Amino acid sequence: MRAFRRFTVRTVLPEPLAPLDELARNLRWSWHAPTRELFASIDPQAWAAVRSDPVALLGAVSPERLAALAADPDVVARVHAAADDLRAYLTMPRWYQSLAPEGADGSSGADRGDGPPRAIAYFSAEFGITAVLPQYSGGLGILAGDHLKSASDLGVPIVGVGLLYGAGYFKQSLTRDGWQHETYPVLDPDNLPLTALREDDGTLATIEVPLPGGRTLRAQVWRADVGRVPLLLLDSNVAGNDDAARRVTDRLYGGTSEHRLQQELLLGIGGVRALRLFSRLTGAPEPEVYHANEGHAGFLGVERIREIVELEGTSFAAAREAVRAGTVFTTHTPVPAGIDRFGVDLVRSYLGGASELPGVPVDEVLALGAEDYDGGDPTVFNMAVMGLRLAKRANGVSLLHGAVSREMFSVLWPGFDAAEVPIASVTNGVHGPTWTDPEFAGAAQEQFGADAASGAGWLRGEDAGGVSDGRLWSERGRMRARLVHDARERVRRSWSDRGASPAELGWVDDVLDPDVLTIGFARRVPTYKRLTLMLRDPERLTRLLLDPDRPIQIVVAGKSHPADEQGVGLIQKFVQFADDERVRERIVFLPNYDIAMAQVLMPGCDVWLNNPLRPLEASGTSGMKCALNGALNLSILDGWWDEWFDGQNGWAIPTADGVEDPERRDDLEAAALYELLEGTVVPRFYDRDADGLPRHWLEMVRHTLATLGPKVQATRMVADYVEQLYAPTALDARAMDGTGHAGAVALAAWKERVRAGWPAVRVDHVETEGADQAPRVGDAVTVRAFVSLGDLAPSDVDVQVTYGRVGENDELTSFGTLSLAHTESYEAGRHQFSATVALERPGAFGYGVRVVPRHEGLAGATELGLVVNAA
Ligand SMILES: *Cc1c(COP(=O)(O)O)cnc(C)c1O
């Protein structure tokens, strides 16, 4: 074929249909079924051909058809009504607007300094919003997309920042023998729901980031509108870049470590520059809070330090305090291998020498990501470590993951208990309107009205206006049938890609059965998720699949990172099992897992299986999407399920925690899975009454919808972020952000003084009064500590007593911690502190005294990592 060049000729919409462009470009259509129906009605065939992509649809419809539609008053009225509805959605006050009521003078809470943030920047390496914009690889990106959508629904003033990858993540297909095959079709941004930021004179607006050797990395900035939320995506494929620089944003998670570092420098440093550009061009308020979704975006803090140092002439240390105060960091992985680490020399070559950022010495940057702790590797730069050091507030993504993260990162806070490590948790959620089957959501809405959101309607009996068991079961059946239909098409396409002729594929019409218990399993394929655990005993699984009376069927999907040979091998092992003629109608692998597939798969399953190696699943969200549709979870107690499994909303696969041998552990956990299926899940699904209804099963479905439905919503999650993290962060940032960043300068100076003076801090002597007089419950003892502080003042420190019951193994179960009051000073920096401790419980009493730094600008006792424990 001859080489050709391409560009896109845009459709010109007839004037009466002009609002269609607005409707296509705001991604709200991706979760707003009425808008999608409007597009479908314009040309149902074209809509199917472009796979529900409004921008592509408008490009595919002929000018004649558009002219005919423009002449139809009915159509024009519907288009305008939809546009009015969108505009109302974009402008009406929502939940967030009620948080900071206007003052009598018309000021907002943010203006007065006491309200929630004026704006929040949310940085992520991937965003999964719709299959049309394939800029995600898995859960992290989908979560980021759901975060933005729910922020939009709540009216939270977020702006997203990410990269636009020329080929997104790869497309997956299978070879004849079941190997994953990857292709990277290049996207044309002009055919995506994106708008380029432009200067007033129409030229492309760009930002620049310095590269080694005097080179420059330029990027243009695309804007996607996610409802009310703008998402800025940086794209290095622009004129003026050399070839290597153009390729920086070529694909998501591809390439070498250096390529990845370039991407992360662009995301962090370039991302902040894109925000400034966006504010300059649109007047959008500057963010007060910066949220780094995982470590990839960590360089955003480095760039903000540069801004403050350059603008205000403060020290690096003072600027770092200001940046920390305004930053939130979310960690997503309890797997050390899942953390981004770069060679120190590589980072030095990018942020040192001629490409050093003004005011930001490379050694200071390297110190931020240094693994300078027990067991750390001095040759690497750790992005998660930098994330934690540059954020005053950090969190994991489920209760269990919070605890696991505190343990995992406790090396950064030697001398403190893991429980004190300053990493909180906000449990993930999913965006309801995106992940609930639209007809199912419609049915609930119609039946329960305002009650639909609370879930309470599901518990109502039929005579109290509830949904009957019969109706609920037929809805479940409709969603299952839709999945079966979709799966057959995908299996047919996959086999034809694998080289089978149509004549060989007659059997595909019998793949899956709309009446059989359907189990789903779809997620990325890192080893810890154990895709092939269900194959542990192939004969036992086969018996379950082929049971003549009560069979099960299994639908599986998932991409493996191409560099993960083990993952690719697991897919092949699975595919080879599913290819077997004996079982191929009951177990299938669907290639190219993406949002569009997930939206059909999750509602269509009866049971959603998840069997990670506990506790390596930080949260997991696919099971939440299932719960929204009345599918039941069958899962290892990991991530969110550990928190919300209640005995009736699904099943917990018992784990063999503590069994060291991984093979034996897999054997035990697989056996537990088969047992649950054979003994409980399958019988309950097929236990039908005279009306053919599985009453007990439906009880569990109702219970799931009613109790999990409201909890798993990403609006709940985003509200948690606002209340627990964004609002207090904005207050802290403002306290650091006055003229000349005086608060930050003072805090940095105080920290330096305390660090310098700390080696002199000692607990000389501790005594109690009242302990030797046979104390009883209700009595109190006085604890006195004699402490040397050197040059530090008593107000610089907190002397604390932690007390509780002493157990058989000499461990202390804490009842509480008290601060001792400064009661006397002596010569040479010696001081007495004391407190009265009430003895409220009988038994062996123990206590410990320690000294930690104290300042109102600190996040807590751990912030400086300084502590002196009494011997
Ligand atoms: C929800 C979702 C995920 C994440 O699922 P986990 O359960 O968190 O592993 C990944 N990919 C797609 C396409 C999804 O919809």
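Predicted model: local features only at pLDDT ≥ 70, side-chain atom pairs only at ≥ 80, totals over all residues.

**Exercise 1: Helices α12 and α28**

Work out how helix α12 packs against helix α28, and what kinds of residues make the contact.

Solution. First locate the helices: α12 covers residues 316–325 and α28 covers residues 742–757. Their axes are 8 Å apart and form an angle of about 115°. Angles of 65 to 115 degrees count as roughly perpendicular, so α12 is roughly perpendicular to α28. The crossing of α12 with α28 is right-handed.

Now for the residues. From α12 come Ala 317, Ala 318, Glu 321, Ala 322 and Arg 324, and they meet Ala 744, Val 745, Leu 747, Ala 748 and Lys 751 of α28. Sorting the residues of this contact gives 7 nonpolar, no polar and 3 charged.

**Exercise 2: Helices α18 and α19**

Decide whether helix α18 and helix α19 are roughly parallel or antiparallel, then sort their contact residues by class.

Solution. Helix α18 spans residues 438–448, and helix α19 spans residues 469–497. Their axes come within 10 Å and cross at roughly 160°. An angle over 145 degrees counts as roughly antiparallel, and therefore α18 is roughly antiparallel to α19.

On the α18 side, the contact is made by Glu 439, Phe 440, Ala 443 and Gln 447; on the α19 side, by Arg 471, Leu 472, Glu 475, Arg 478 and Met 479. By class, this contact of α18 with α19 has 4 nonpolar, 1 polar and 4 charged residues.

**Exercise 3: Two open sheets**

Trace the strand order of the sheet that contains β24, then of the sheet that contains β25.

Solution. Begin with β24. This open sheet has 4 strands in the order β23-β24-β28-β27, paired antiparallel. At its edges are β23 (762–769) and β27 (821–825), each pairing on one side only. On average, neighbouring strands here are turned by 25° against each other, direction ignored. Inside the order, β24 (residues 780–788) is joined to β28 (residues 830–838) by 9 bridges. Val 787 stands opposite His 831 in β28.

Move on to β25. Here the open sheet of 4 strands runs β26-β25-β29-β30, again with antiparallel pairing. Its edge strands are β26 and β30 (868–869). Between β25 and β26 there are 7 bridges, and Thr 802 has Thr 817 in β26 as its bridge partner.

**Exercise 4: Backbone details**

Say what stands out at Pro 615 and at Asp 810, and where each lies.

Solution. Now check the bond from Arg 614 to Pro 615, which is cis, with omega near 0°. Pro 615 belongs to the loop between β20 (607–610) and α23 (622–628).

Then check Asp 810, which has a positive phi of about 70° without being a glycine. Asp 810 sits in the loop between β25 (797–806) and β26 (812–819).

Note on methods. Residues numbered from 1 in each chain as written. Heavy atoms only, no water. Axes fitted to C-alpha atoms, helices over the stretch in contact; angles between N-to-C directions. Parallel < 35°, antiparallel > 145°, perpendicular 65-115°, else oblique. Left-handed = near helix turned anticlockwise from the far one by under 90°. Contact = heavy atoms within 4.5 Å. Nonpolar A, V, L, I, M, F, W, Y, C, P; charged D, E, K, R; others polar. Pairing = 2+ DSSP bridges.
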